[in-house]
Structures are given as structure tokens and as C-alpha cells.
Amino acid sequence: MTAPAVLAITMGDASGIGPEIIAKALAQAPERAVVYGSFAVMADTVRRLGLGLAVRPLASPAQARLDAGTIEVIECTRITEPPPPGRISAVSGQAAFDAIIAAIAAARSGQVGGIVTAPIHKEAMASAGIRYPGHTEILADYSGAKRVAMMLANDEIRTVLVTIHTSLRKAIEGGDFDAQMSAIRLAHEGGRALGFAAPRVAVAGLNPHAGEGGLFGDEEIRIIRPAIEAARAEGIDASGPYPGDTVYMQARQGRFDVVVAQYHDQGLIPVKYLGLDQGVNITLGLPFVRTSPDHGTAFDIAGRGIAEHASLVTALQYARRLVAARQGLPLERTP
């Protein structure tokens with residue numbers, strides 16, 4: 001049987017908790033994974049945490065031995081010494097970006113089967129002159145994907161966003177018919193990748209009470225409902241629009257497999273409320289697998305050795321499952 005493809009773990013912002021949670025996760029259980037980032041930072045992190053792991057530099061994933069007790073690092077940054085923890089740094093922002101770009105190139109060329117990304121800091125990247133609002137937009141631009149969507153998932157609910165990192169005003173403007181159709185289709189595809197043969201996709205409304213028949217806004221009538229009907233005509237089990245304040249409760253009760261949210265906070269608040277440790281960010285629409293923990297760089301605790309790595313472990317579990325599905329291998333149990 002073919003072995004599962006190697007995963008790339010990007011180090012994230014070197015001044016945040018990314019290196020720490022990576023080291024802890026790999027110390028907890030061996031992974032078919034290599035780290036894209038800074039050898040100096042990962043070696044220093046392992047030393048400070050007293051994990052007793054070896055840190056080995058690599059030139060490419062093909063050189064990986066994947067030995068237990070060893071973290072293998074592909075150097076793709078310009079960091080020569082670890083930056084101070086918990087501070088916005090152009091050096092860390094540039095290094096985080098460089099690691100992402102290198103991992104994308106490896107995934108596109110088939111050297112790795114997927115990418116698991118540690119958290120980045122948007123202000124740090126901006127200070128380095130990198131103008132991206134988040135991972136999703138970088139992945140979309142550098143992967144060649146025509147349309148991507150963010151899925152947030154845990155063991156109770158899964159949600160896909162119509163619009164992502166933008167103002168609420170622009171999110172309303174951007175939620176047109178094409179955006180609705182793309183999100184519904186990607187929700188369907190994402191649900192299938194997670195093992196649902198015919199995913200039941202619920203679409204949330206934009207306005208209170210899903211517009212209340214046009215009393216509180218007509219986007220549901222003009223845009224969202226026609227998109228749902230068009231998706232159903234394609235064979236997708238889509239329904240709605242449902243009020244945003246109750247649809248996630250119904251999903252938790254088992255009525256729906258995936259919920260399409262209209263904007264960032266409508267979708268992320270329910271997932272994050274259930275616990276950051278188990279939430280995973282999955283980018284749909286890419287030519288490769290990408291997952292990420294559902295939390296940030298946590299500058300307030302960086303360098304203190306107390307960061308929780310459970311969400312990264314869950315992100316690795318989801319990535320393995322999604323890569324196995326793409327390879328046609330037997331699926332692990334859903335995390």
C-alpha cells in the first residue's frame with residue numbers, strides 16, 4: 001500500500017507560539033511531516049522547552065528520514081538568531097511569509113501532500129511590506145486556485161464562509177450570487193472530503209431572522225435563495241436561508257453537516273465558542289490540502305512555554321485524513 005504523503009508544517013511567526021506548539025506536537029507523537037521555517041528558531045525552541053528532540057536540517061522533503069524523536073527542518077528564512085518573543089517584528093513577518101511560499105511550491109510540485117500552517121501575525125507581515133490579510137489570500141494567489149473558501153471545523157460543526165477577511169460593509173457587497181454559489185459548491189466538496197457521502201448544506205441568511213420575508217432586508221430573496229435553488233439543481237443538498245442565530249444549534253443537533261456563513265464573524269464565533277483547542281481551519285478549493293489551528297500567535301504568552309498545542313494536533317489529524325482521501329487511501333476516523 002502507498003504510504004501517506006509527507007506533510008509540510010510552516011513555522012508561523014517566529015515571535016509567536018508557532019515554533020513552540022510545533023515542537024510540542026511533534027514530541028507528543030511522530031508525524032510524517034517536515035517543518036518549513038528556521039532551523040535556528042526550532043533548535044532554540046526545543047532547547048528552551050527541554051524536549052530532548054534532535055533538530056535536523058534538510059534541503060528537501062525527499063531527504064526526510066521521519067525518525068521518531070527528530071524534527072526535520074527545511075531552512076527557508078533569513079533568520080540567523082531567534083527574534084525576541086511576543087514582539088511585532090519585520091524579520092519574523094518576512095520569515096513567516098517565506099515559509100508559506102516555500103511550502104506552497106513544494107505542495108504544487110508534489111513534494112509534500114499538504115500544508116499545516118502555524119499562526120502568522122498580520123501586522124508583522126505588514127511591517128515587512130507584505131500586504132496580505134491572512135493565510136487564505138496568500139494560498140489563493142500562489143496556488144493558482146480560481147476560488148477558495150475557508151472552512152472552520154470541529155467535531156460538532158463545520159462552516160464555510162462566503163466572504164473572509166474584509167469589512168462588514170464589503171462583505172455584504174461581496175456576497176453576490178457567484179460568491180454564494182462558490183461557497184455552497186465548496187461546502188459540498190469539503191463535506192464529501194470529510195466523509196459525508198451527500199453533505200447536507202445549510203445556508204445562513206445575512207439579515208436578522210433571514211430577512212423576515214423582506215422586512216429586514218431583501219438579500220435572502222434576491223440573492224441567497226436563488227443561489228440555493230441553483231445549487232439544488234446541480235444535485236447539491238442545500239437548503240435555507242436560515243436565521244444565523246439558530247442554524248448552528250440545528251447543525252450541532254445533527255440536522256446539517258455543513259453551514260455556509262455569510263461573513264467572517266457569523267461563522268467563526270460559533271466554532272470558536274466551542275473551544276479553540278479543537279477548531280481547525282481548512283482551505284477549500286486549493287490543488288493541495290491545507291489546514292491550520294484556529295487561533296493566533298498569542299504574543300502575550302510567547303516564549304513562556306505554556307502554549308497549548310491541541311489545536312495543531314487536530315489540524316494535523318484533519319490534514320492526514322484529507323491527504324489520505326486524495327490519495328485514495330483508507331480514511332482515518334474523523335477527529
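**Figure 1. Helix H8 gives the most to the lining of the second largest cavity, with three residues.** This close-up, like the others here, comes from a predicted model. Two elements, helix H6 (168-174) and helix H8 (219-233), each give two or more residues to this lining. Look for Thr163, Ala171, Ile172, Gly175, Gln180, Leu206, Glu219, Ile223, Ile224, Gln262 and Tyr263 around the space, which amounts to about 70 Å³. By residue type, the lining has six nonpolar, four polar and one charged.

Figure 2. The structure has two cavities of 30 Å³ or more. Lining the largest one are Leu26, Pro30, Glu31, Ala33, Leu53, Leu66, Asp67, Ala68, Gly69, Thr70, Ile71 and Glu72. Strand S4 (residues 70-75) supplies the largest share, three residues. Seven nonpolar, two polar and three charged residues make up this lining.

**Figure 3. Arg252 and Glu156 form a salt bridge, with their closest N and O atoms 2.7 Å apart.** Arg252 belongs to helix H9 (residues 247-252), while Glu156 sits in the loop between strand S6 (149-153) and strand S7 (158-161), so this pair ties together parts that are 96 residues apart in sequence.

**Figure 4. A salt bridge joins the side chains of Glu234 and Arg185 (2.6 Å, N to O).** Here the loop between H8 and strand S9 (237-242) carries Glu234 and helix H7 (residues 177-193) carries Arg185, so the pair ties together parts that are 49 residues apart in sequence. Glu234 is partly exposed, at 44% relative accessibility. Arg185 is partly exposed too, with a relative accessible area of 35%.

**Figure 5. Lys272 meets Asp294 in a salt bridge (3.8 Å, N to O).** Lys272 lies in helix H10 (residues 264-273), and Asp294 is in the loop between strand S12 (289-293) and helix H11 (310-327), so the contact ties together parts that are 22 residues apart in sequence.

**Figure 6. Asp44, Arg47 and Arg48 are linked in a network of salt bridges.** As a friendly reminder, side chains of opposite charge can pair when their charged atoms come close. The count for the structure comes to 13 salt bridges.

Terms used
Residues numbered from 1 in each chain as written. Predicted model: local features only at pLDDT ≥ 70, side-chain atom pairs only at ≥ 80, totals over all residues. Heavy atoms only, no water. 1 Å grid on protein atoms, 1.4 Å probe; cavity = no way out; pocket = protein on both sides within 12 Å on 5 of 7 lines; lining within 4 Å. Points joined across faces, edges and corners; volume = space filled by probe spheres on them. Helix = DSSP H or I, 4+ residues; strand = E, 2+ residues; numbered from the N terminus. Nonpolar A, V, L, I, M, F, W, Y, C, P; charged D, E, K, R; others polar. Salt bridge = Lys/Arg side-chain N within 4 Å of Asp/Glu carboxyl O. Buried < 20%, exposed > 50% of the residue type's maximum accessible area, 1.4 Å probe, protein only.
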